[in-house]
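Hi,

Here is the structure I promised to pass on to you.

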Amino acid sequence: MASKSYKLIVFFLCAFFWNFLSGQDVDLSKKITLELKDVSVEDALNEITRQSGISFSYSSNLIDPDEKISLSAKNETVEDVLNSLIQQLGLDYSVVENKIVIKKPKKRKSTEKKDNKGRFTINGYIKDKVTGESLIGATVRISGTSTGTISNSYGFYSLSLPEGEHIIEFSYIGYLKNAQIINLNKNIRFNLSLGYNLELLKEITIIADETLEMLEKSQMSQMIIVPQNISKMPEFAGEVGLIKTLQTLPGIKTHSDGSAFFFVRGGSKDQNLILIDEAPVYNHAHLFGYYSVINPEVAKDIIIYKGDMPVSQGDRLSSIIDIRTKEGNLNRFEINGMLNPFIYRLSLEGPFVKKKSSFYASFRHSNFNWLYRNAAPNMDLYLYDINAKANIRIGKNDRLYYTFFYGKDNLMNTQTGNEGGIRWDNLASTLRWNHVYSKKLFSNTMIFGSRYNYELLSNNTIWNSAIQNVNFKTDYSWYISPKNTFKFGFSLNFQSFTPGNLTYDTTSFYISQVPKNRSRQITFYLDDELDITKRLSLGAGIRLPVWVNVGPTTVYMYDEDYNLSDSIVVQEGVVYKSFVNLDPRISLKYRIDSTSSIKCSYGINHQYVQLISNSISPFTSLEVWLPAGTNIKPQRADQVALGYVKYFHKAHFEFTAETYYKYMRNQIDYEPHANLLLNPLMEGELRFGDAWSYGIELMLKRTQGKLTGWMAYTWSKTYKQIEGLNNNEPFPAFYDRPHDFSIYVSWQMSKRSNLSATWVFYTGSAITTPIGYYDFQGYSVPLYGEKNNDRLPDYHRLDLAFTLTLNKQERRFRHSLAFAVYNLYNRENPVSINFNKIETKNGEFVVPADIYGTHEIVTTQKYLLGIMPSITYKFKI
């Protein structure tokens, strides 16, 4: 009986203490450690419950089940972790009995007035947390709303809001979202650093939605390339080049293997403008196009415009590739390098003064001599380039940047008495000053210049062609309100052209001279981005370029049959021709829901410089640039486009579709067998007409998870109609390729290994082939009909790469090995087909000469590259 009573007392005591403990306040001081990445809010709360024993209660309507968070906390109190989480979610919580109840936040008193009084501005710079580099295109928005802005090309943002407390979210592609509670009762300068490494963060963060900018902005026909995202792509001879990357994107067609030429939406190869920190680069090819002068390791951000081009940049019909280079690490010194059998690169960056000024410098050089030194000991073949940048913060409102780029190619025969070869170089430099005038007004003023020089040498004789320019430009960004940003500015451009002259190397005596040209251009532009409603936004702008040609030069006049009729000698500084054109741009965006939007745009572009070359060879050679003038009208393009963007949250897929129509006037082609070398009358060899292109571009992309990549498909048609060619009938352009498909896949096999592959397919280029043959003195002579009546064989190629990280991720010294195979199944993709050769008894194909007899003309084709393996070692300290 006593035993039963004892057990009963123990039972009641246990029940009492259990009831007592369970009825006490939740212990939020308990410390926990979490390391969660890309998990749902529910999973995060469950983990907190598991470690702390605290239960949560909330309505399913409050939390998006698809929202992912990343949570890092090391030996922190539950209260600190919970407060950070609640701030990020924009919610509130309270302790009810033995549970934590998550609920809507209390309504805050609004001080916003209809007359816009009581509004303040928050502005500042958004930077990378590790390097201190500014982040271009970062999103700043009020949590749970569409009110926000985008940081400009220098990481600066400005946002005007009603007085009061706001939860402001800062996010950037590939980085972790950061939300801050800001009590806005005065104008605030708020600089913020974003990080992508969870180990560096103590607060709770959320992965940024990289499609936010695409859904919110009216800008279309734009693609953003993050250099880190393409670093795993299969390499060609050890380098991930920009052109090979462009080949996998919709709407962009490259020429062929071994070529840097590319064509965008039916435009020719000279209708693409490549900018390095605003300075144009006229030849972006190394080694005839096998390598690119644009090194992704140097780039911080690459933006491609295929249409709807910014009014502040322009004077090309088809595309702008805007490259912003690295500014240098503001916090510590870093060394980055790469080495393979063909090329090596070394870069150094770090602070002059920590957190105030920095530099970045990179040098790249080829290593080809082991390939040819035995077979061709007199050959001197090399390429190199230098990139450098300095970044200085003068004060709170001022920054200075200086960018320098120089690249050179050389292919020479050094044998005495037989010296000769080719060489070319690019130079680009920019000095920029950023200034914040007020809480809403930002300016960017710069002086930049470029030079491209091409030389063909034979003994002491040099054929030289060159183009150079010096520009002054200033533009302003006025952040009127979160719904309205106004931009305006002007630029002044001085340009000179050397269209190919022959001189003696020792005396600079001109053997043959083609008149040089000079031009001046002043351009005014303005642009307004306006959110009309929560769903509808408008972008509208005007670009007004004024182009003038000035002496000294000689102008040749031609009659309607292109025969020389007169010539005029123009004296120094005299204006002999001018053009004034208005280039309007307009775009609209309608957001269907939180995951999709439709866009449309229309724009007019003019182009005042053109590359004169009648060769379809993949190699860059004998390049001559000429300005618009008396005989060459400015090229013009009218383009209209319609697009759709859809994001699938659960699968992390982004789908884009665009259709376009572009009509181009004053397009240039050439008289058959045109003479463009050392010809003062080369403008009489040109023929003019129209071109038009239309198509649809599709892209499906996945950027999160172990398996990432994209698929792109383009269907398009491009036609030309040139007076005096093809009986004045339309014909397909050389770069008319109806079908273009590519796929890029990257699989993160483990923390230290990655496998990637690229497959490219496109319809063969349009070429002219014989429609028959006739006999002449024993030879079969090809007979030609319509221009571009046939096609090269279809092009396809598979590239494969495997990257192995050799160290643990947490170590500062990082190094890796990349094994790549270009053209894995050894596809022979021809770049040309000839119809003028015969086969000898030895089985060789030669052009017949001084041979009488009956010889059958055979068709031959030339291809450049078969299978090509490579191995590359990379390191970073």
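Let's begin at Y476: setting aside neighbours within four places in sequence, Y476 is in contact with Y437, L441, F442, S443, F486, K487 and F488, where contact means heavy atoms within 4.5 Å. You'll find Y476 in strand β31 (residues 461-481); strands are DSSP runs of E with at least two residues, helices are runs of H or I with at least four, and both are numbered from the N terminus. Y476 is partly exposed, with a relative accessible area of 23%. For that scale, buried is under 20% relative accessible area, exposed is over 50%, and partly exposed is in between (1.4 Å probe, protein chains only). K487 sits eleven residues from Y476 along the chain, and their C-alpha atoms are separated by 5.5 Å.

A word on the model before going further. It is a predicted one, where local features need pLDDT of at least 70 and side-chain atom pairs count only at pLDDT 80 or more, while totals for chains, interfaces and linings use all residues. Residues are numbered from 1 along each chain as its sequence is written, and side-chain values use heavy atoms, with hydrogens and water left out.

Now the overall picture. The protein has seven helices and 59 strands, and 53% of its 877 residues count as buried. Among contacts with a separation of 6 or more, 66% are between residues 24 or more positions apart.

Next, the aromatic rings. A search of the whole structure gives 34 aromatic pairs; rings of Phe, Tyr and Trp (its six-membered ring) pair if their centres lie within 6.5 Å, and planes under 30 degrees apart count as stacked, over 60 as edge-to-face and the rest as tilted. Take F156 and F442: their ring centres are 4.8 Å apart with planes at 20 degrees, so this pair is stacked. F156 is in strand β9 (residues 156-162) and F442 in strand β30 (residues 441-458), so the pair links parts of the chain 286 residues apart. Both F156 and F442 are buried. They belong to one aromatic cluster together with Y125, Y154, Y401 and Y479. R399 lies over the face of Y125, at 3.5 Å from the ring centre (a charge sits over a ring if NZ of Lys or CZ of Arg is within 6 Å of the ring centre and within 35 degrees of the ring normal).

What about the nonpolar cores? A nonpolar core is a set of buried Ala, Val, Leu, Ile, Met, Phe, Trp, Tyr and Cys residues joined through side-chain atoms within 4.5 Å. The largest one has 38 residues, and L246, L249, I304 and I321 have the most contacts inside it. Not counting residues up to four places away in sequence, L246 touches I252, F262, I304 and I321. Another core lies apart from that one, with 29 residues including F497, L626, Y670 and F688.

Finally, is E239 buried or exposed? E239 is buried, with a relative accessible area of 8%, and is found in the loop between α5 (227-230) and α6 (242-246). Leaving out residues up to four places away in sequence, E239 touches Y291, N295, M338, I343 and R364. E239 and N295 are 56 residues apart in sequence, yet 8.4 Å apart in space, C-alpha to C-alpha.

Cheers
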